[in-house]
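I opened this notebook to record what I looked up, step by step.

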Amino acid sequence: MLVQYNPNTIRILKTGTWTPCYSISFEEEIVKATFSPIKRDLFILTSKSQLKKCRLQENSITMEREYWTLHNGMITDFQISKNASYIFTVGEDNLLKVWDYFMRGKLMPAFQAFTTGGKIRDVVLSNDSFNF
């Protein structure tokens with residue numbers, strides 16, 4: 001599958017025929033979209049610093065969860081570990097946060113935060129998903 005997106009809409013195309021399979025639109029601009037390494041989950045970062053988790057069903061795509069205020073300020077990037085156990089986010093608050101993939105927790109999902117001492121724009125994971 002190939003993911004195409006313009007400012008507000010994501011279209012997922014079938015590999016080989018390049019015909020549209022799924023489409024989903026949002027009010028805010030889409031900054032980044034990426035599939036989880038396993039499962040049929042699609043994560044979307046918006047211009048309002050929301051992380052949205054969508055699920056591909058047999059004939060549709062639905063938004064399952066929306067995460068707000070994960071950082072103080074904007075989220076600048078995110079990555080999902082290769083084993084789909086963790087979500088790594090970085091933001092304008094100069095923190096790297098490691099979240100449980102399923103965002104378990106009460107009012108606020110559980111995470112570990114690491115200060116970077118400076119600005120970080122991107123998250124790059126090694127092949128083992130445990131080193132940055």
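**Entry 1: contacts along the chain.** I began with contacts in the protein chain between residues at least 6 apart in sequence, and I noted that 35% of them join residues at least 24 apart. I keep in mind that the model is a predicted one.

**Entry 2: elements.** I next listed the secondary structure and found eleven strands and zero helices in the protein chain. Read from the N terminus on, the elements run β-β-β-β-β-β-β-β-β-β-β. I then looked up the radius of gyration, which is 15 Å for the protein chain; the globule rule gives 14 Å for 132 residues, and the two values are close, so the chain is as compact as a globular protein of that length.

**Entry 3: extent and surface.** I recorded the span of the C-alpha trace along its principal axes as about 45 × 35 × 30 Å. The accessible surface of the protein chain is about 7700 Å², and carbon and sulfur atoms account for 51% of this surface. I also looked up burial: of the 132 residues in the protein chain, 39% are buried.

Entry 4: I then turned to an open sheet of three strands, in which the order is β1-β2-β3 and the pairing is antiparallel. Its edge strands are β1, residues 2–5, and β3, residues 20–25, each of which pairs on one side only. From one strand to the next, I noted an average twist of 20°.

**Entry 5: a strand pair.** Within this sheet I examined β2, which covers residues 9–13 and pairs with β3 in the antiparallel sense over five bridges. I looked up Thr 9 in particular, and its bridge partner in β3 is Ser 25.

Note on methods: Residues are numbered from 1 along each chain as its sequence is written. This is a predicted model: local features need pLDDT of at least 70, side-chain atom pairs count only at pLDDT 80 or more; totals for chains, interfaces and linings use all residues. Side-chain values use heavy atoms; hydrogens and water are left out. Two strands pair if DSSP finds at least two bridges between them. Helices (H or I, at least four residues) and strands (E, at least two) are DSSP runs, numbered from the N terminus. Axes are lines fitted to C-alpha atoms, for helices over the stretch in contact, and angles run from 0 to 180 degrees between N-to-C directions. The radius of gyration is taken over C-alpha atoms; the globule rule is 2.2 Å times the number of residues to the power 0.38. Buried means under 20% relative accessible area, exposed over 50%, partly exposed in between (1.4 Å probe, protein chains only). Contact means heavy atoms within 4.5 Å. Accessible areas come from the Shrake-Rupley method with a 1.4 Å probe; for residues, only the protein chains shown count as cover.
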